[in-house]
Each structure stands twice: as structure tokens, then as C-alpha cells.
Amino acid sequence: CFDRRFQDIETKTVLTDPATCMKKQVQKQAKLRESFQSTLDSTPTAYEELFEFEYTADPAALNRSVAAWTNFVGPLLQPRINQALIRDVLQAHQNSRSQPASHKDKVIGFKDVVKKIKKHDAALKANGETELLEGFIRYPQAPVAAS
């Protein structure tokens with residue numbers, strides 16, 4: 001098939017039944033749109049959820065990242081998604097990076113931003129929303145007590 005691209009042959013298409021051809025094209029587009037829509041209907045996945053496993057050896061964090069990656073790639077790989085493979089790939093890189101720095105020193109007016117996000121999230125919670133913004137703020141880590 002690919003070899004034909006390099007041959008010096010002119011090809012033409014004859015549509016003997018343009019109405020049927022167009023109908024089939026519309027059906028193909030509808031199937032593609034439906035497939036794409038199922039991807040759009042999937043639950044949004046945050047970067048922090050996808051890559052949480054890299055910053056800790058906590059098994060619960062690995063489980064959350066496996067679930068996030070399953071959700072993220074699931075619409076593309078259904079029905080053959082292999083969660084064990086995802087777990088194996090992530091586990092090989094678990095706890096391989098340092099924790100990202102707090103936003104406190106990176107966001108100008110950090111305290112004001114946090115207040116606004118909390119106010120925004122309170123309004124969302126009142127409306128029954130579960131996708132909140134506060135989870136995206138990295139707070140300074142509490143000092144670890146010496147043992």
C-alpha cells in the first residue's frame with residue numbers, strides 16, 4: 001500500500017452512487033464524533049493525580065495515579081485497557097522525584113489567591129460540585145519532627 005505512494009501512477013475515483021457514498025461518509029463522521037464525545041465525557045484528570053506516584057513511596061498514591069492514568073487513557077484503549085501494565089510502568093518510577101515546591105514563594109499574593117480559591121470552592125460545594133480548585137494549590141510542607 002505504501003509503495004503505491006512512490007509510483008508514478010495517476011489514480012482517479014469514480015463515484016457511481018454519490019448519494020450512498022455521502023451517506024456512508026456522514027455515518028463515519030457520526031461514529032468518529034461519538035467516539036470523540038465519549039473521550040470528552042470522561043472525568044477530567046489533573047496533572048497532580050497523574051504524577052503523584054513520582055513524589056512518594058505511598059502505595060495509596062500509586063493507586064490514585066493508576067486510577068488517574070486508567071481514566072485518562074481509558075477512552076482511547078477501551079475495551080483492552082491493561083491496568084496491571086499501567087501499574088507496572090508507574091511503579092518502576094515511583095518515588096523517583098522530589099516533591100514540587102510550594103506555591104507560596106511562586107505565586108504573588110499567595111494568601112489572597114488561597115482565600116479566593118476557598119471562597120470559589122465554597123460556592124461550588126454549595127451547588128453540589130465536587131471538582132474543586134483547592135487541590136491544585138501546593139502548600140508549604142510542615143516541618144518533620146526530629147525523632
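1. Start with the loop between α4 and α5 (110-126), where asparagine 95 lies; helices here are DSSP runs of H or I, at least four residues, strands are runs of E, at least two, and both are numbered from the N terminus. The phi of asparagine 95 is near 60°, a positive value in a residue other than glycine. As background, most residues other than glycine have a negative phi. Asparagine 95 counts as partly exposed, at 43% relative accessibility; buried means under 20% relative accessible area, exposed over 50%, and partly exposed in between, with a 1.4 Å probe and protein chains only. This is a predicted model, in which local features need pLDDT of at least 70 and side-chain atom pairs count only at pLDDT 80 or more, while totals for chains, interfaces and linings use all residues. Residues are numbered from 1 along each chain as its sequence is written, and side-chain values use heavy atoms, with hydrogens and water left out.

2. Serine 98 has its place in the loop between α4 and α5 too. Serine 98 counts as exposed, at 63% relative accessibility.

3. On the overall layout, the chain has five helices and zero strands, so to speak α-α-α-α-α when read along the sequence. Of its 147 residues, 16% count as buried. Among contacts (heavy atoms within 4.5 Å) with a separation of 6 or more, 53% come from residues 24 or more positions apart.

4. Now the aromatics. Rings of Phe, Tyr and Trp (its six-membered ring) pair if their centres lie within 6.5 Å; planes under 30 degrees apart count as stacked, over 60 as edge-to-face and the rest as tilted. By this rule the count comes to four aromatic pairs. One of them joins tyrosine 47 and phenylalanine 51, a tilted pair at 4.8 Å centre to centre with 40° between the planes. Both residues sit in helix α2 (residues 47-51), four residues apart, which is about one turn of the helix. Tyrosine 47 is partly exposed, with a relative accessible area of 45%, and phenylalanine 51 is also partly exposed, at 21%.

5. Phenylalanine 51 also pairs with tryptophan 69, this time edge-to-face: 5.6 Å centre to centre and 90° between the planes. Because phenylalanine 51 lies in helix α2 and tryptophan 69 in helix α3 (residues 59-77), the pair ties together parts that are 18 residues apart in sequence. Ring pairs link Tyr47, Phe51, Phe53, Trp69 and Phe72 into a cluster.

6. How do α3 and α4 cross? The axes of α3 and helix α4 (residues 83-91) come within 10 Å and cross at roughly 125°. Axes are lines fitted to C-alpha atoms, for helices over the stretch in contact, and angles run from 0 to 180 degrees between N-to-C directions. The two helices are therefore oblique to each other; under 35 degrees would count as roughly parallel, over 145 as roughly antiparallel, 65 to 115 as roughly perpendicular, and the rest is oblique.

7. Glutamine 83 is worth a click: its place is in helix α4, and it is partly exposed, with a relative accessible area of 42%. Not counting residues up to four places away in sequence, glutamine 83 touches Val66 and Thr70. The C-alpha atoms of glutamine 83 and threonine 70 are separated by 6.6 Å, with the two residues 13 apart along the chain.

8. Last, proline 44, in the loop between α1 (18-40) and α2. Proline 44 counts as exposed, at 59% relative accessibility. Leaving aside neighbours within four places in sequence, proline 44 is in contact with Glu49 and Asn71. Proline 44 and alanine 68 are 24 residues apart in sequence and 9.1 Å apart in space, C-alpha to C-alpha.
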